[in-house]
Number of protein chains: 2
Amino acid sequence: MRDLHQRLDLCSINTATLGHRLSIHDTLDAVARSGFGFVAPWRKEVEAANLRDVARQLRALGLRLSGYVRSTFFAGSSPEQFAAHIEDNQRALDQAAELGAPSLIVVGGGLPPGTRSLADARARYLEGVARLWEYARSVGVGITLEPLHPMYAAERSCVVTLDEALDICHAVDPGQTGGLGIAVDVYHCWWDRHLTSHIERAGRERRIDAFHVSDWLSPTRDMLLDRGMMGDGVIDLKGIRAQVEAAGYAGAVEVEIFSQSNWWQRDAQETLQVCADRLQTVC
Amino acid sequence: MRDLHQRLDLCSINTATLGHRLSIHDTLDAVARSGFGFVAPWRKEVEAANLRDVARQLRALGLRLSGYVRSTFFAGSSPEQFAAHIEDNQRALDQAAELGAPSLIVVGGGLPPGTRSLADARARYLEGVARLWEYARSVGVGITLEPLHPMYAAERSCVVTLDEALDICHAVDPGQTGGLGIAVDVYHCWWDRHLTSHIERAGRERRIDAFHVSDWLSPTRDMLLDRGMMGDGVIDLKGIRAQVEAAGYAGAVEVEIFSQSNWWQRDAQETLQVCADRLQTVC
């Protein structure tokens, strides 16, 4: 396992961690100033600015992207909206290419409103990924599927385990030709007793595109916006990172914390400093 | 699949559904008056009354138990507390015997405070079940393991899938000698893409002791106390019941709804009436 001490160049900040309060320009400056080598910006922040200006600033700061966040919930849309979502995600892939992002993070959506069939939603998810991947190859950007915690199955992602995401990768790209992989986010998968074998499989199939850290607070007060800072919760962070790196992952360790009532209330510089400290100690 | 129309005699009310506001005596009267054949009382309600009086009332009303709710979170206790928890659960088994309950519902607990190893917690859970089952056999009561949704892994149950609970049953009772099984609660397992195969396995191994219904609201506003009335959420209730009954389950269909801000605010009789209607239509 890599030693992250004084290696913030291996670490990334998902901009959601700062609560979407600063402009993308101020965020990128702050992330670079704090010593991080990577950043994972959200599309809505990038779109509030000029795309070329953002790309230019990234180059000037020497910041690399660990991913571009994120797709729309296409699986959860009505059949009529599905095509529009695919097109919109193609625009996100264009932006990702311009920004030099290795991949677009895909969170595919839950159940379409008024429906109850997870199997149908999963079939739609697969279809959407197949169409996006085709386009992604044409613009030279990857697709990274991020399965979410099962508590988000209804609204955000009908795909809830690493294994399920790997099956989709295999169905779409059986030859492992590249550009289609998964994100291992500890918050979403820490509870799974098959986590070790899922990570091993992902490594064998060369599918681990991203590794996200935060922590599971006990108790958790909000299903969406109460993630913890690394070390403040119950996830075995070092244990999971060791497995991911043993499986061959050598990319960035990305912090992604949604924390309405705590970290999003603090000064961005303070949050970045605590992220830096925790990455080097408890991750 | 059984037709539940005019068959409330096949249905049960878990007393948590009424919000623990009435005395157990008033609750049992109300449940019987509404036509239900079964009830699943909580231990704290029973202990607030006289055990023999409760047993006598159940007999007089002709109400059968679909389970006695529930064990302490023994796996989540400190090593020092573990023995005390086992003893306390043995008292619950004594009570279950006196009440004529087929089994004690076991919700085994999450991570002991300050720990991060789910594997250790699961080993403790297995050890606790083995010890309780031994005692349970001596008093003629079963043990029903209830895996909970993964969002409860930290605090309530480190065992989060049916398959995992079945593995524990197999480890403790490989010969399927009886008295050790699982509860299929739709709220906890609806998201699992392996649900069908887990239910089939549970049927083959003759382990389905209980079947619980409620619904997953979208959105869900509280992780613990915002379950929905059947039909108000996204779970494919008829689909899951069909699978459970095809696997051989012929016991009660039990309603278990924790709903602080909705059903627990309503009159108990109204809640029971809506449960009765929904059981006969959308379940």
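In this predicted model, A:Val213 stands opposite A:Val255, a residue of strand S9 of chain A, and this facing pair belongs to a parallel pairing in which three bridges join strand S8 of chain A to strand S9 (residues 253-255) of that chain. Strand S8 (residues 208-213) of chain A has six of its six residues buried, so it is largely enclosed by the rest of the structure.

**Around strand S8 of chain A**

- Strand S8 of chain A is also joined by four bridges to strand S7 (residues 180-185) of chain A, and these two strands run parallel.
- Strand S8, helix H9 (residues 237-246) and strand S9 of chain A together make a right-handed β-α-β unit.

**The sheet of chain B**

- Strands of a sheet pair through backbone hydrogen bonds, and the pairing may be either parallel or antiparallel.
- In chain B, an open sheet of nine strands with parallel pairing is arranged in the order S3-S2-S1-S9-S8-S7-S6-S5-S4.
- The edges of this sheet are taken by strand S3 (64-65) and strand S4 (68-69) of chain B, each of which has a single partner strand, so one side of each is left without a neighbour in the sheet.
- Helix H6 (residues 162-172) of chain B lies across strands S6 and S7 (180-185) of that chain, and helix H6 runs at about 170° to S7.

**Strand S5 of chain B and its partners**

- Two bridges join strand S4 of chain B to strand S5 of chain B, the two running parallel, and here B:Tyr68 stands opposite B:Leu104 of S5.
- Strand S5 (residues 103-106) of chain B also pairs in the parallel sense with strand S6 (residues 142-145) of chain B, over four bridges; B:Ser103 stands opposite B:Gly142 of S6, while B:Val106 stands opposite B:Leu145 of S6.
- From strand S5 of chain B, B:Ser103 and B:Ile105 point one way and B:Leu104 and B:Val106 point the other way, yet all of these residues are buried.

**The nonpolar core**

- The largest nonpolar core has 182 residues, of which A:Leu104, A:Ile182, B:Leu104 and B:Ile182 touch the most other members.
- Leaving aside residues up to four places away in sequence, A:Leu104 touches a set of residues that includes A:Tyr68, A:Ala92, A:Leu93, A:Val141 and A:Ile143.

**Where the two chains meet**

- The contact takes 21 residues from chain A and 21 residues from chain B.
- On the side of chain A that touches chain B, the residues divide into twelve nonpolar, four polar and five charged.

**A loop residue of chain B**

- B:Ala48 lies in the loop between helix H2 (43-47) and helix H3 (51-61) of chain B.
- B:Ala48 has 13 other C-beta atoms within 10 Å, and it is therefore partly exposed, since a residue counts as buried with 20 or more such atoms and as exposed with 12 or fewer.
- The C-alpha atoms of B:Ala48 and B:Leu237 are separated by 34 Å, and these residues are 189 residues apart along the chain.

Terms used: Residues numbered from 1 in each chain as written. Chains lettered and ligands numbered in written order. Predicted model: local features only at pLDDT ≥ 70, side-chain atom pairs only at ≥ 80, totals over all residues. Pairing = 2+ DSSP bridges. Right-handed = clockwise from strand over helix to strand, strands pointing away. Contact = placed C-beta atoms within 7 Å. Nonpolar A, V, L, I, M, F, W, Y, C, P; charged D, E, K, R; others polar. Axes fitted to C-alpha atoms, helices over the stretch in contact; angles between N-to-C directions. Core = buried A, V, L, I, M, F, W, Y, C linked by C-beta atoms within 7 Å.
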